[in-house]
Structure formats: C-alpha cells, structure tokens
Amino acid sequence: MAEIRTSDVDDLLRVLATLDDPDAIFALLEDLFTVREIRETSQRLGVARLLAAGKSYAAIEAETGASATTIARVSKCLSYGSGGYEQALKILDES
C-alpha cells in the first residue's frame with residue numbers, strides 16, 4: 001500500500017494551514033475537487049456532528065441524505081480514527 005503522507009500531501013497541508021480566509025479556501029477547494037466531492041466531504045462533517053449529538057443512523061440519513069455506508073464510515077472514524085473529526089467538531093462548537 002502506498003504511503004498517504006507524501007511531500008505533495010505535506011504541501012497541501014502547509015497551504016491549508018496558512019489560508020485563513022474562507023473565500024480563499026473555498027476557491028482552492030473548487031479548484032482541487034469536483035462539486036460532488038466538496039458536497040460529499042462537507043456532508044461527512046455534518047454526519048459527524050449529528051453522530052456526536054447522539055442521533056440515530058435513520059435520523060441522520062433522513063436529515064442529510066447520507067447513505068448508511070457513509071454514516072457507518074464516519075462513525076468508525078469517530079470511534080477509531082485519528083481524531084480529525086473531533087478537532088473539526090471542536091472548532092465548529094467554538095465558533
């Protein structure tokens with residue numbers, strides 16, 4: 001399996017960490033991802049927020065339109081992932 005954390009990934013991380021203007025970040029996302037990818041990625045964050053709030057899979061599916069597979073994947077990351085969702089949710093809670 002190829003290593004995920006490459007120098008290209010580190011370059012992307014450095015750019016994202018430097019940008020502090022939401023419009024500039026969105027412009028980069030538009031250039032990097034398809035509209036579908038942006039929507040799906042954003043949806044996963046919404047799913048994480050609802051899971052953290054204790055919502056059921058059925059309620060989350062109805063509210064977000066996310067598939068059961070996506071909800072399960074996000075749930076697994078919340079339980080066993082590297083903590084990225086928790087950090088993102090903390091940022092959202094603080095704003």
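Thr70 is buried, with a relative accessible area of 13%; buried means under 20% relative accessible area, exposed over 50%, and partly exposed in between (1.4 Å probe, protein chains only). Thr70 lies in helix H5, residues 68-80. Helices (H or I, at least four residues) and strands (E, at least two) are DSSP runs, numbered from the N terminus. Apart from neighbours within four places in sequence, Thr70 is in contact with Gln43 and Arg44, where contact means heavy atoms within 4.5 Å.

The model is predicted, and local features need pLDDT of at least 70, side-chain atom pairs count only at pLDDT 80 or more, and totals for chains, interfaces and linings use all residues. Residues are numbered from 1 along each chain as its sequence is written, and side-chain values use heavy atoms, with hydrogens and water left out.

The protein chain contains six helices and zero strands, in the order α-α-α-α-α-α from the N terminus on. Its C-alpha trace spans about 40 × 35 × 25 Å along the principal axes. Of the 95 residues of the protein chain, 16% count as buried. The accessible surface of the chain comes to about 7,300 Å², and carbon and sulfur atoms account for 55% of this surface; accessible areas come from the Shrake-Rupley method with a 1.4 Å probe, and for residues only the protein chains shown count as cover. Among contacts between residues at least 6 apart in sequence, 37% join residues at least 24 apart.

Arg44 also takes part in the packing of two helices: Arg44, Leu45, Ala48, Arg49 and Ala52 in H3 meet Tyr85, Ala88, Leu89 and Leu92 in H6. Helix H3 (residues 35-52) and helix H6 (residues 84-94) pack at an angle of about 85 degrees, and their axes are 10 Å apart. Axes are lines fitted to C-alpha atoms, for helices over the stretch in contact, and angles run from 0 to 180 degrees between N-to-C directions. H3 and H6 are therefore roughly perpendicular to each other; angles under 35 degrees count as roughly parallel, over 145 as roughly antiparallel, 65 to 115 as roughly perpendicular and the rest as oblique.

Ile4 is found in the segment before helix H1 (7-18) and is exposed, with a relative accessible area of 67%. The C-alpha atoms of Ile4 and Ala52 are separated by 27 Å, and these residues are 48 residues apart along the chain.
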